[in-house]
Amino acid sequence: MEPGAEFDFIVVGAGSAGCVLANRLSEDPRNRVLLMEAGGRDTSPVIHIPLLAGVAYFDPAINWGYDTEPESHLAGRRIHWPRGRVIGGSSSINGMMYVRGQAADYDHWRQLGLAGWDYASVLPYFRRSEANRDRRDLFHGAAGPWQIARTHSDNPLYAAFFQAALSAGYRETDDFNGARQEGFGWHDFNVVRGRRQSTAVAFLRPAARRNNLQVLPRAQARRVIFEAGQARSLEYAADGAVRTVRARREIILSGGAVNSPTILMHSGVGDAAQLRAWGIDVRHHAPEVGRGLQDHLGIYVQHASLQPVTMYGWFRPDRAIGMMLQVALFGRGPAASLPLQAGLFARSSGRVATPDLQITMVPGLTLDVTRKKQGRHGFLIHVYPLRPQSRGRITLASGDPAAKPKILANYLGEATDRETMRSGFHIVRRLFAQPSFAPYLGRAISPGPDVRTDDDVDRWIQDSAQTVFHPTGTCRMGADAASVVDGELRVRGVAGLRVVDASVMPTIVSGNTQAPTVMIAEKAADLILGRAAPA
C-alpha cells in the first residue's frame, strides 16, 4: 500500500463481521474501503473441507493460538482458545453451524435500552444475509450472499438420538431458527456442495474485484491514533515495519472478543490505571473495555459403541483418502459435512422459560480420547449451558501491541452455571438410558461408571470441560454511559471509531455466535451509512 494512503473506512479484521462490512460499505463506489487482516489468504485446504474443521482449530498457520489464564473453577487448567488468524477469521475455522439464538435474546437487548436490537428489528438483517437453500418462509431469506443448507444423515446413531429425545419427553422442531427453538431436529450449516461458506467466501469474494475495496493481509493493527478526539489513523505492522494509514470517515474494529478490546486498550481507551501502568497515554477512561467476557463451556459424555457405525471407521488410510477425493471431486460424502447434524435445545429445569441447554449428538469420540483409546468405535453427546452468568475479562500483559493479552474466562464462577451444567449432564445420561441406544451403548469412557454423585460429576466437569469457542461481550453495547459502545456501535468518549463484532453483545445469545455476528455487521453497515432499517 502506498505511503500516505487514505480511505473513507478502515475495517480492522477480515473475520465474520469484517468481511460483511467490507462488502456492504464498498457497494457504493464512492466509498473507498480498506479491509485489514493480521493473517494470510484463506488458501489452506483444511479451511474449505468441512470435516477438517477439527484440524483447522489447531493449525498455527491460521490461528491466533490463545490460551486462558489458569481457570480456578476448572482445576487450574489453561483452556486453549482457537481464533481464526486468516481471511475469514473464525468463520474460516469454526464448526459452521448456523444458529441464531432465541427471539428472547434480542428482546432482552431491547429491554436493556437498546432500541432497534429487538428480534423484530434484527430479523430482517438475518434474512438479508441469507440464501437458504431449503427454507422458504418469513424467518429466512433466499437472495442473500451467504448460502445455508439443512443437513441430513443416515447414520443410525442420529435416529437413536431422535428416538431417545422423543422417549424422554421432548418434541421435534423443524427449524431451530424459526418459530420455536426448543426440541430436537436437524441443524442448518453454512456448507454447500461440500464446501465451507465462510464470510470470506460468501461476502468478500464477490466484492474483491471492486476498485474501491482494498484487502491488506498479513498486516496487524497496533493502535488507533486520535487527533482532537477523532480517530484519524491506524498504526499497523506489516513486512517487518510499522506503518500508518488514514481514515477520512471512520475506523471500525472487527477483531473479535479478544482483539478488539486489546486494540482499544493499546489506543488509550480502557481502564486508566491499567493503561498508565503499561505506559499507554489515556484517551478515554473506559473501565469496561475487556470486561464482561462471556463464553459457552461444554462437556462431552462419551461411550464405546457396540456396533461399527461411528467415525472411527473413517480413520483407515484408504477410507480417508477416498473420502477426501469424493468431496474434492463431487462435493459429497462423509467429508462434505461436519458430524454435528442432530441437536436438541432443552430446558435445565421447569424454572426457566426457554431452553438454556444446547445438546449435540456426535457419532464419534473427541480427538483427545481417540488418540488415547486407539482401536475402538465410540460416540458422544455434547452439552453446554446457553446463557452463562459468569463473567471474565481481557487485560493487557504488556505495553507492546504485538504481545498476546491475558484471558481469564472465569468459567463456572457462578453457582448457577455449575447447577445448569450438572443438569445438562443428567439429561444426557437420561438420553443414553433410553431403549433406542441399547443396541449401540457400550461401556462409559468419559466419565467412567464410577462418577455417580453430584460431587463426582462436578469434579469430572472441572477436569474435562472445554470452550465451545463463542467468546463475546468484551466491548459491551449499552444505553448506559458505562458501556463501551452505544446502540449504534460507536465507541463512547471518542469520535470516528466503532466496534462491530461479537464483542459488542451485551449478553451472549442462546446458541452459536457466527450467525448473530453476521447480523450485527449487516445492521452496522446501515448504521454507518445512515440508511434506514428494513421493515
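Me: What classes of residue make up the lining of the largest cavity?
Reply: Eight nonpolar, four polar and two charged residues. Bear in mind that this is a predicted model.

Me: How much space lies in that largest cavity?
Reply: About 110 Å³. Of its 14 lining residues, those closest to the centre are Asp295, Leu297, Pro388, Tyr411 and Asp417.

Me: And how many cavities of 30 Å³ or more are there in the whole structure?
Reply: The search finds three.

Me: New topic. Where does Thr173 lie?
Reply: In a loop. That loop runs between α6 (156-167) and β8 (183-186).

Me: Is Thr173 buried or exposed?
Reply: Buried. Its relative accessible area is 5%, and the cut-off for buried is under 20%.

Me: What lies 2.8 Å from a polar atom of the Thr173 side chain?
Reply: The backbone oxygen of Arg180.

Me: Which residues is Thr173 in contact with, leaving aside neighbours within four places in sequence?
Reply: Arg180 again, plus Gln181, Glu182, Gly183, Phe184 and Gly185.

Me: Are Cys19 and Cys475 buried or exposed?
Reply: Cys19 is buried, at 0% relative accessibility. Cys475 is buried too, with a relative accessible area of 0%.

Terms used:
Residues numbered from 1 in each chain as written. Predicted model: local features only at pLDDT ≥ 70, side-chain atom pairs only at ≥ 80, totals over all residues. Heavy atoms only, no water. 1 Å grid on protein atoms, 1.4 Å probe; cavity = no way out; pocket = protein on both sides within 12 Å on 5 of 7 lines; lining within 4 Å. Points joined across faces, edges and corners; volume = space filled by probe spheres on them. Nonpolar A, V, L, I, M, F, W, Y, C, P; charged D, E, K, R; others polar. Helix = DSSP H or I, 4+ residues; strand = E, 2+ residues; numbered from the N terminus. Buried < 20%, exposed > 50% of the residue type's maximum accessible area, 1.4 Å probe, protein only. Polar contact = N/O pair within 3.5 Å; in protein donor to acceptor, adjacent residues only side chain to side chain. Contact = heavy atoms within 4.5 Å.
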